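Here's a quick briefing to read with the structure open beside you. Take it slowly and find each spot as you go.

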Amino acid sequence: MNRIAIQTKDLTRRFGKLVAVDHINITIHYGEIFGYLGANGAGKSTTIRMLCGILTPTSGTATVGGFDVNTDPEKIKTSIGYVSQKFSLYQDLTVRENLEFFGRIYQLESERLQKRIEDVMQLTGLKEYERFEARVLSGGWKQRLAVANGLLHEPKILFLDEPTAGVDPMSRRSIWELLYQLADQGVALFVTTHYMEEAERCNQVAIISRGKLLRGGTPRELRESVSGQLLEVECSPLMKASQAFSRLPGVVGLTAYGTTLHLNVANAKSVETALRDTARSQSIAVASVKPIAASLEDVFASLEKEMGTGD
């Protein structure tokens, strides 16, 4: 059996002069959670629309479940599941009514439809809410309903576009536990996100910025790809320190984390000396300076710096 669920070859989409997705090459296997990481406007949703057969590529191609996005878009639409960023089911229908309605759109026969509804409610924990109207559900439970709806026809590929946007931390964790269950069952999951901690949960991650694929690999491979050394500096006032330390010779990148700064540096010893001298001269309190391992946010900041696409 071909274990490749999704594969793209120089997938590109232009809107006039704007290149929204620029020659993207990715491979995703069944049973894998693939994280597509990027800021808003990076090209994540445009990529999904092409892979779902909704938007025709300007050039390049892709196969999804063995079907070509250019020649078989309708076959793709019937073989995948999709969960949008914004809840798009019917607010005035109950959980069960929503599932029954969309099950009929999927052309599921009555007996199979009722079994699938029971199966997906059991999987997502929705059984006790089946008679609740969708409008009274919390954001987390609405997303579970959206996932349940996307799974009704038993797709082996599921697209989730920012599935936890606006969801509280506990609901977010529950949704990810559900995604792990689906991956264990062999479903390929394509998840777009701009949350770095969510990307850490994925088997593979691709980082996209302004339509370009900057780097891909496992979270560990991406963290280890950061050149130079990382220093964590606990200091205050933070923004004053950020502006001062970013100008130091040897500082390649800088990211703020709560009450600390992460500095990507060429030589930790020389930068620390210059940093403490600058702190004293500008009345910046430095509580600690210590070397740390890179996070995915450090990777993202480093790549943005290399590409010259930072703010």
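In what kind of crossing does α3 pass α4? The crossing is right-handed. Keep in mind that you're looking at a predicted model. Its chain is built from eleven helices and 15 strands, so let's begin with the big picture and then zoom in.

**The whole chain**

- The chain has 311 residues, and 49% of them count as buried.
- If you draw a box around the C-alpha atoms along the principal axes, it comes out at roughly 75 × 45 × 35 Å.
- Take the contacts with a separation of 6 or more: 68% of those join residues 24 or more positions apart.

**Helix α3 against helix α4**

- Helix α3 covers residues 95-105, while helix α4 runs over residues 110-124.
- The axes of these two helices sit 10 Å apart, and the packing angle is about 130°.
- Angles over 145 degrees would count as roughly antiparallel, but α3 and α4 are at about 130° and are therefore oblique to each other.
- On the α3 side, the contact is made by V95, R96, L99, E100, G103 and R104.
- On the α4 side, the residues involved are L113, Q114, I117, E118, V120 and M121.
- Sorted by class, the residues of this contact are six nonpolar, two polar and four charged.

**Helix α3 against helix α5**

- Helix α3 also packs against helix α5, which spans residues 139-151.
- Here the angle is about 30°, and the axes are 10 Å apart.
- Because angles under 35 degrees count as roughly parallel, α3 and α5 are described as roughly parallel to each other.
- The crossing of α3 past α5 is right-handed.
- V95, N98, L99 and F102 of α3 meet L145, A148 and N149 of α5.
- This contact has five nonpolar and two polar residues, with no charged ones.

**T124, in helix α4**

- You'll find T124 in helix α4.
- Is T124 buried or exposed? Its relative accessibility is 1%, so T124 counts as buried.
- Setting aside residues up to four places away in sequence, T124 touches W141, R144, A148 and L178.

**T8, in strand β1**

- T8 belongs to strand β1, which takes in residues 4-15.
- With a relative accessible area of 3%, T8 is buried.
- A polar atom of the T8 side chain lies 2.8 Å from the backbone oxygen of I24.
- The T8 side chain also has a polar atom 2.9 Å from the backbone nitrogen of I26.
- Which residues does T8 contact, leaving aside its neighbours within four places in sequence? They are I24, N25, I26, L51, T61 and A62.

**Helix α1**

- Helix α1 is made of residues 44-51, and six of its eight residues are buried, so the rest of the structure largely encloses it.
- Those buried residues are K44, T46, T47, I48, M50 and L51.
- Just after α1 comes G53, which has a positive phi of about 80°.

Note on methods. Residues are numbered from 1 along each chain as its sequence is written. This is a predicted model: local features need pLDDT of at least 70, side-chain atom pairs count only at pLDDT 80 or more; totals for chains, interfaces and linings use all residues. Side-chain values use heavy atoms; hydrogens and water are left out. Helices (H or I, at least four residues) and strands (E, at least two) are DSSP runs, numbered from the N terminus. Buried means under 20% relative accessible area, exposed over 50%, partly exposed in between (1.4 Å probe, protein chains only). Contact means heavy atoms within 4.5 Å. A polar contact is a pair of N or O atoms within 3.5 Å; within protein, one must be able to donate a hydrogen and the other to accept it, and residues adjacent in sequence count only if both atoms are side-chain atoms. Axes are lines fitted to C-alpha atoms, for helices over the stretch in contact, and angles run from 0 to 180 degrees between N-to-C directions. Angles under 35 degrees count as roughly parallel, over 145 as roughly antiparallel, 65 to 115 as roughly perpendicular and the rest as oblique. A crossing is left-handed if the near helix is turned anticlockwise from the far one by less than a right angle, and right-handed if clockwise. Ala, Val, Leu, Ile, Met, Phe, Trp, Tyr, Cys and Pro count as nonpolar, Asp, Glu, Lys and Arg as charged, and the others, Gly among them, as polar.
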